[in-house]
Protein chains: 2
Amino acid sequence: MSTGGSSARAPRLVVAGVGLIGGSFALAARAAGLVGEIVGVGRTRRNLEEAQRLGIIDRIATDPADAARDADVFLLAAPVGTCASLAAAFRPHAKPDAILTDAGSTKAGLVAALEAAWTSPGLVVGAHPIAGSETSGAGAARAELYRDRPCILTPTPRTDPAALARVRALWEGVGARVTEMDATRHDAILGRVSHVPHLVAYALVLAATEAAVPADELLAWAGAGFRDTTRIAASPPELWRDIAFANADAVLAGLAEFRAALERIEGCVARGDAAGLEAALATAATARRNLAGRGS
Amino acid sequence: MSTGGSSARAPRLVVAGVGLIGGSFALAARAAGLVGEIVGVGRTRRNLEEAQRLGIIDRIATDPADAARDADVFLLAAPVGTCASLAAAFRPHAKPDAILTDAGSTKAGLVAALEAAWTSPGLVVGAHPIAGSETSGAGAARAELYRDRPCILTPTPRTDPAALARVRALWEGVGARVTEMDATRHDAILGRVSHVPHLVAYALVLAATEAAVPADELLAWAGAGFRDTTRIAASPPELWRDIAFANADAVLAGLAEFRAALERIEGCVARGDAAGLEAALATAATARRNLAGRGS
């Protein structure tokens, strides 16, 4: 349909996984005039049709070849466990200079897998926007999701500087504050401030479903504290299953640190150590109040 | 100052602990015309002066005798560990028919201690409004805090029906939805939906301060998930120290249930059991989504 050459038209974007993350990127990129046609790929036909109806994507690709044809940028916003096979499926049909980026919550292993799948590994640029919520699906997408939110890029020694600059411009263009970081460092940090808290929130709700008091009776008395603490436990299980495995080393290390902290608190309660308990709670309260002072 | 007898004037209220909980009750009770003079008692002179300046209390009592003189209702809204000694200090100076109620987050042990301290144990009515937040102090008080929030009353076989009715009328008068419940049942439920989640939130922040990655670097990347999950870890440590000890049996039982759930999740990650992990997360996500459907 394009009348000019590929260098003249606006970049064609493929979004694989048109949910909260991918759909919001598409809406914001279009609003900012960063892209031309947006092609959607996904597991669920109904979600893709909703995305098209909402104007998030222009068309639904029927297969990887159809999606990849003339695409300039691929954004993988699917569960991290499926990203490498998506890249491999697109690659034979993609232009040699097409850029591959992602929005996965884990980076080191995922980026290595994407570099292995993409025949021009320099054109792979790992990205992780720190945004999102427990909502999901194209219906949850909104153009403002990334406004003033952090986005971490994790270039490797192989990353092409021009590709990195182009992906940075896209994320900055949708409003994010972009930082570059080593992928392993990213995983160590996010494992502790995001992945472990998600698993802890799931465990709090799971425990309520299996407690000595019936769950219905328990949850009838859930106040704001329980609701806030467990809000993220409504997140899609398949996403967090993939994240936990993709970042298993940092997740297990973070869980061990968490268990040690909880056992310290529990031990104080069991032993009747009031001073020890107050000291532990005060250390946490001070750190949490300082965090509140930093704003969101 | 009163010109009529004690039966003619509006009830005089003593609030011991004029923070978020006690101060909000005072503001709402006055706004609803439920009480006359409101006398404040507390540990911190500066907080009491702020409460007086904000119109939450009419005067500051200088000692227990001064507070208790001609008082009709005592509301103990101090840390649960201090409530029994406050009751004992007021009792010698209080009128024989004065009612004692509280707003403590634990009930069985506390109410027993209050009944022991009050020479008319039938006039003790345990109460727990399920409201509040991580904020504290008189400056955080607001008249709307209890509007449409649950309040659990825990009468015992000794409780005088007229006293119970009067305390119920006060809590209903400030807007709460009042339920009566056995105190031990209350403690078993709240231990799991409130006390354990608080300790877990404190442990998440405590772990971040002691992780293999420096806390400053970790917390710089804390997103909405971490912030929501740990919001209640900013709560006053001395309150939660007291609550943990006052409800130690249910707290330890709830922590054991939580650890079992977390170990199930952690075990799946460690073993690479994708189906087991997804099933556990899905059980929690379904329960949490159902809870969201119930509204707050």
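**Grounds for the terms used**

Modeller: The closest N and O atoms of A:Glu278 and B:Arg241 are 2.4 Å apart, and the pair forms a salt bridge. The model is a predicted one.

Colleague: Why is the pair of A:Glu278 and B:Arg241 called a salt bridge?
Modeller: The rule asks for a side-chain nitrogen of Lys or Arg within 4 Å of a carboxyl oxygen of Asp or Glu. For A:Glu278 and B:Arg241 the closest N and O atoms are 2.4 Å apart, so the pair meets the rule. In general terms, side chains of opposite charge can pair when their charged atoms come close.

Colleague: What makes B:Arg241 count as buried?
Modeller: The term applies under 20% relative accessible area. B:Arg241 stands at 19% and therefore counts as buried. Its place is in helix α10 of chain B.

Colleague: Which residues surround B:Arg241, leaving aside its neighbours within four places in sequence?
Modeller: With those neighbours left aside, B:Arg241 is in contact with A:Ala274, A:Leu277, A:Glu278 and A:Leu281.

Colleague: Are B:Arg259 and A:Glu266 buried or partly exposed?
Modeller: Buried means under 20% and exposed over 50%, with partly exposed in between. B:Arg259, at 25%, is therefore partly exposed. A:Glu266, at 10%, is therefore buried. Leaving aside neighbours within four places in sequence, A:Glu266 is in contact with B:Leu252, B:Leu255 and B:Arg259.

Colleague: What makes the pair of A:Arg185 and B:Glu217 a salt bridge?
Modeller: The limit is 4 Å, and the N to O value here is 2.5 Å, so these side chains meet in a salt bridge. The pair crosses between chains, from A:Arg185 in helix α7 (residues 183–209) of chain A to B:Glu217 in helix α8 of chain B. A:Arg185 is partly exposed, with a relative accessible area of 33%, and B:Glu217 is likewise partly exposed, with 28%.

Colleague: How many salt bridges and polar contacts does the interface hold?
Modeller: Between chain B and chain A the rule finds 10 salt bridges. The count of residue pairs in polar contact is 20, both residues being at pLDDT 80 or more. On the side of chain B that touches chain A, α7(B) gives the largest share, 16 residues. By class, that side has 57 nonpolar, 11 polar and 20 charged residues.

Colleague: What area is buried between the two chains?
Modeller: About 8,100 Å² is buried between chain B and chain A, and carbon and sulfur atoms give 71% of that area. In chain B, the residues that lose the most area to chain A are B:Trp221, B:Arg227 and B:Arg288, together 10% of what that side buries. In terms of contact, 88 residues of chain B meet 88 residues of chain A.

Colleague: Where do salt bridges occur within chain A?
Modeller: One of them is formed by A:Asp58 and A:Arg30, with the closest N and O atoms 3.2 Å apart. A:Asp58 lies in the loop between α2 (45–53) and β3 (59–60) of chain A and A:Arg30 in helix α1 (residues 20–31), so the pair ties together parts that are 28 residues apart in sequence. Also in chain A, a network of salt bridges links A:Arg12, A:Glu37, A:Arg59, A:Asp66, A:Arg69 and A:Asp70.

Colleague: Why are β3 and β6 of chain A called edge strands?
Modeller: Six strands of chain A form an open sheet in the order β3-β2-β1-β4-β5-β6, with parallel pairing. β3 and β6 (124–125) each pair on one side only.

Colleague: How do you know that β2 and β3 of chain A pair?
Modeller: Pairing requires at least two bridges. Strand β2 (residues 38–41) and β3(A) have two bridges in the parallel sense, so they count as paired. A:Gly40 stands opposite A:Ile60 in β3(A).

Note on methods:
Residues numbered from 1 in each chain as written. Chains lettered and ligands numbered in written order. Predicted model: local features only at pLDDT ≥ 70, side-chain atom pairs only at ≥ 80, totals over all residues. Heavy atoms only, no water. Contact = heavy atoms within 4.5 Å. Buried area = accessible area lost by both parts, 1.4 Å probe. Polar contact = N/O pair within 3.5 Å; in protein donor to acceptor, adjacent residues only side chain to side chain. Helix = DSSP H or I, 4+ residues; strand = E, 2+ residues; numbered from the N terminus. Nonpolar A, V, L, I, M, F, W, Y, C, P; charged D, E, K, R; others polar. Buried < 20%, exposed > 50% of the residue type's maximum accessible area, 1.4 Å probe, protein only.
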